[in-house]
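Hi everyone, thanks for making time. Let me put a structure up on the screen, and then we can walk through it together.

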There are 2 protein chains.
Amino acid sequence: MEILDVEKLTDQKWLNLFAATYRHHGKNGRWVYASRKQATQPHQGTADAVVIVPILKVPPEEPRLVILREFRVPVASYLYGFPAGLLEGGESIEEAVSRELLEETGLEVTAYKTISPPLFSSAGLTDESVVVVFVDARPVPGAKPKLDSSEEIEVVLLTWKQVDELCRCKELFDSRAWMGLYLYAQLGRLE
Amino acid sequence: MEILDVEKLTDQKWLNLFAATYRHHGKNGRWVYASRKQATQPHQGTADAVVIVPILKVPPEEPRLVILREFRVPVASYLYGFPAGLLEGGESIEEAVSRELLEETGLEVTAYKTISPPLFSSAGLTDESVVVVFVDARPVPGAKPKLDSSEEIEVVLLTWKQVDELCRCKELFDSRAWMGLYLYAQLGRLE
């Protein structure tokens, strides 16, 4: 399969539609997708955003998974998702993780445990990609979440038992968040 | 936070941009997102698509995770993703899973193990939601994948050791696929 041409269909600030013309088995097709990019460059191996899976460790307390309950405008509802945010110009993955985690939760990273490759959110619909970063975290004395005016966020701390219960619930979730809850539920521990 | 109005910005067949006007702390804001819906109805508790996490069990062979390597037009590249597809009118989750798994891999479901609630692919960018379904599967004698003209797919079967290796690779992945690989890598077995 081969991409012949990409046309930008809209002129919005944060998100646009693009139409790709592709050739496959001698026939041309058209595929419309959404992108945060302003031009039609191909994937550069970098991610648009970080998604953080933080485990709060304050011994001797039991470890807790940190998740947000957040109003999301496209869904017009509250849903559970991990702390996340767009990479700002020139930031490393670790810098974006530290900044977003502190801003959204008041926590700081004590260990970067796993950093995924760039993962595509839904590759039939968008070229958006995120890096999922598993970290241990601790509170920063005196730090309070510093939210954008467009954010309405509650920080939720979950013991392993609460993780196991939440992922069986008929709540609304971000897909990465539910997969993370399910991972720890299956694993039988937060680590 | 409250949604005051939603405007459809484009008129494409499969995917459109919408602009929501929201009110938060006494101020109005505007949020542009992508949707597969044609109208501006709110989330109905149903999903747009299924994502299938199949484990092939043909005793006495060791179980294998089934994953696809697939060209995705928005990314202009091949990436690893689980079998997946849009729900067709009136289908149940189980019907969509059976149909998509057979079409894309030639396998049939022998057990539905876990069915997630609707999960949002990237709730800042789109209202698209998927249900992730963990199944056991077996080959259907004589069945071959039946692909759409827009699909270019290779079916890949992975032992646990290969799952563990693949999720450490700098390959391109769908986010649900990498989270699934990482789940089984951490778990230490395919089950």
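**Where the two chains meet**

So, chain A and chain B bury about 5,900 Å² between them, and 70% of that lies on carbon and sulfur atoms. Please keep in mind that this is a predicted model. In chain A, the residues that lose the most area to chain B are A:M1, A:P74 and A:M179, which together make up 12% of what that side buries.

How many residues are in contact here? There are 61 from chain A, in contact with 62 from chain B.

Now, which element gives the largest share of chain A's side? That is α3(A), with nine residues. Other elements giving two or more residues include β5 (64-72) and β10 (129-139) of chain A. By residue class, the chain A side divides into 34 nonpolar, 16 polar and eleven charged.

β12(A) runs parallel to β9 of chain B, residues 119-120, and two bridges join them. In that pairing, A:D174 has B:F120 as its bridge partner.

Let me finish inside chain B, with an open sheet of three strands, ordered β1-β2-β3 and paired antiparallel. Its edge strands are β1 (2-8) and β3 (27-35), and the twist averages 25° from one strand to the next. Six bridges link β1(B) with β2, residues 16-24; B:I3, for one, is partnered with B:Y22 in β2(B).

How values were computed. Residues are numbered from 1 along each chain as its sequence is written. Chains are lettered from A and ligands numbered from 1 in the order in which they are written. This is a predicted model: local features need pLDDT of at least 70, side-chain atom pairs count only at pLDDT 80 or more; totals for chains, interfaces and linings use all residues. Side-chain values use heavy atoms; hydrogens and water are left out. Two strands pair if DSSP finds at least two bridges between them. Helices (H or I, at least four residues) and strands (E, at least two) are DSSP runs, numbered from the N terminus. Axes are lines fitted to C-alpha atoms, for helices over the stretch in contact, and angles run from 0 to 180 degrees between N-to-C directions. Contact means heavy atoms within 4.5 Å. Buried area is the accessible area (1.4 Å probe) that two parts lose on being put together, summed over both. Ala, Val, Leu, Ile, Met, Phe, Trp, Tyr, Cys and Pro count as nonpolar, Asp, Glu, Lys and Arg as charged, and the others, Gly among them, as polar.
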